[in-house]
Amino acid sequence: MKTEPLHGWGRYPRLHGTVHRARDLDDLRRLARSSPAGIGRGAGRSYGDAALADRVVSALPLRHLLDFDPEGGVLRAQAGVTLDEVIRFALPRGWFPPVTPGTRHCTLGGCVAADVHGKNHHRVGAFGAFVDELEVVLAGGDVVRCSRTESPDLFWSTLGGMGLTGLIHAVTLRLAPVRSAFIDNLGVRTGSLGETCRLLRETQDDHAYSVAWIDLLTSSVRRGRGHVLLGDHADGPGLAPLHRDPRWTLPALPANLIRRTGLRLLNSLYYRRQLRRRRRRRIHYGPYFHPLDGVAHWNRAFGPRGFLQFQFAIPFDGGEAVMAEVVERTGRAAPCSLAVLKTLGDHPGGPLGFPMPGYTLALDFPRTSRIEEALGAAADDVASAGGRVYLAKDALLTPEQTEAMYPRLDEFRAARRRYDPEGRFRSALSDRTGLT
């Protein structure tokens, strides 16, 4: 066990603290028994304070693949294994992660704790839909294997539980069969937010994956125009290449590079790069699923104050109007550097699960006091409309807003009291939002 400096992303790019690195299961048990237990941490890719606490237990050294069924594609691996490592192992064997978020550098434990979703939630659900079993170390050091049939309350509360039920040691995951490392992509150019929303809903049953990049820095009439990317795993030409390293590395910068004028020009150029309204092409899985991984340390573009992402889910009914209101409110406070729109389906989740049937919009902003104030008001708008903000990306929610957005909080708290009666697992996020 050793300690090291702690660096965060998002709002906390240079926060320092102490991390205890767990080398094996015995280390995890010892750290769970010590006081305070603190919070588990994977690759530290949450944009807010989900993995920050006075005491942090890093699972990164736990990087062993424990078991694999090549016929059924069932992988059992330690919590510190990243999706990148899963892909490197599984893709040559004809398997791929069934759900992948916007980066391949997050750990399996982090994927479980945030119950991440990808571009295919409308079809298959979130990451937890493919988790068969979890091995969790409780606050007293006991190791519990939980599933949908064994200790189901611990299982569901750990999926999306932001690490507040215990330290995840191992994950049993069902992979998806594939025949290629490529995606057949249909890109469709849209002219407004309304058109983008309609196209996403109309194509939900037609493609495995769908996502839209939208332009929020153009005129009000065209605001929300963009590119809808509809994808399916290709049948060929094979299972290679397996990996592409970042093309660029951004150095540490003394100031924020994000400026409204420059972003408006870049958005206009990107929108016009697709000359035809519809374009079919075959692309590598990396640029399709993980475009930002192509630039190492891309978050440094926001300077030493970092950035804020505001990702929220909103029901289909009235969702377009709420999104337009949020975009208008936040656009007056700061330029949105990236906006990504997807649809979510109706699938089971844990009591702190984020997805709901509807739209989810993710907005990135350079951090300023004005945008923090605007996002606080936007969170009230989202809560009033029956939506919720994604805890894995949040840095601003209040206890009152969290209570309004997550109606199953009492269910989560009851499970947490059962497995951590002294409330020893906690984080800056859980204290700020009233989860602990």
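Leu269 lies in helix α7 of this predicted model. Leu269 counts as exposed, at 53% relative accessibility. The cut-off for that class is over 50%. Together with Leu265 and Leu266, Leu269 makes a nonpolar surface patch of about 320 Å².

The relative accessible area of Arg276 is 56%, so Arg276 is classed as exposed. A positive surface patch is formed by Arg276 with Arg273, Arg279 and Arg281.

Ala301 is 49 residues from Ala252 along the chain. The C-alpha atoms of the two alanines are separated by 8.1 Å.

The overall fold was examined next. The protein has 13 helices and 21 strands. Its C-alpha atoms fill a box of roughly 60 × 50 × 45 Å along the principal axes. The radius of gyration is 21 Å. A compact globule of 436 residues would have a value near 22 Å, so the two agree. Of the 436 residues, 57% count as buried. Buried here requires a relative accessible area under 20%.

Charge pairing was then considered. Side chains of opposite charge can pair when their charged atoms come close. The count comes to 25 salt bridges. One of the pairs is Glu328 with Arg223, whose closest N and O atoms are 2.9 Å apart. Glu328 belongs to helix α9, residues 319-331. Arg223 belongs to the loop between β13 (209-215) and β14 (225-233). The two residues are 105 positions apart in sequence, so the pair ties together separate parts of the chain. Glu328 is partly exposed, with a relative accessible area of 37%. Arg223 is also partly exposed, at 24%.

Glu328 has a further salt-bridge partner in Arg332. For Arg332 and Glu328, the closest N and O atoms are 3.4 Å apart.

A salt bridge also joins Glu403 and Arg413, with a closest N to O separation of 3.4 Å. This pair links distant parts of the chain, 10 residues apart. Glu403 is in helix α11, residues 399-405. Arg413 is in helix α12, residues 409-419. The two ends of the bridge fall into separate classes of accessibility. Glu403 is partly exposed, at 41%. Arg413 has 19% relative accessibility and therefore counts as buried, the limit being under 20%.

Salt bridges also occur as a network. Arg76, Glu133, Glu135 and Arg145 are linked in this way.

Backbone geometry was inspected for positive phi angles. Ser151 has a positive phi of about 50 degrees, although Ser151 is not a glycine. The residue lies in the loop between β9 (143-146) and α5 (152-158). At 25% relative accessibility, Ser151 counts as partly exposed. His297 also has a positive phi, of about 60 degrees, and is not a glycine. His297 is found in the loop between β17 (295-296) and β18 (307-315). The relative accessible area of His297 is 37%, so this histidine is partly exposed.

One further loop residue was located. Ser337 is found between α9 and β19, the strand of residues 338-344. Ser337 has 17% relative accessibility and counts as buried. His233 is 104 residues from Ser337 in sequence. In space, the C-alpha atoms of Ser337 and His233 are 29 Å apart.

How values were computed:
Residues numbered from 1 in each chain as written. Predicted model: local features only at pLDDT ≥ 70, side-chain atom pairs only at ≥ 80, totals over all residues. Heavy atoms only, no water. Patch = residues over 30% accessible without salt bridge, like charges linked within 9 Å, V, L, I, M, F, W, Y side chains within 5 Å. Areas by Shrake-Rupley, 256 points an atom, 1.4 Å probe, with all protein chains shown as cover. Salt bridge = Lys/Arg side-chain N within 4 Å of Asp/Glu carboxyl O. Lys, Arg positive; Asp, Glu negative; His and termini not counted. Charge placed at Lys NZ, Arg CZ, Asp CG, Glu CD. Buried < 20%, exposed > 50% of the residue type's maximum accessible area, 1.4 Å probe, protein only. Helix = DSSP H or I, 4+ residues; strand = E, 2+ residues; numbered from the N terminus. Rg over C-alpha atoms; globule rule 2.2 N^0.38 Å.
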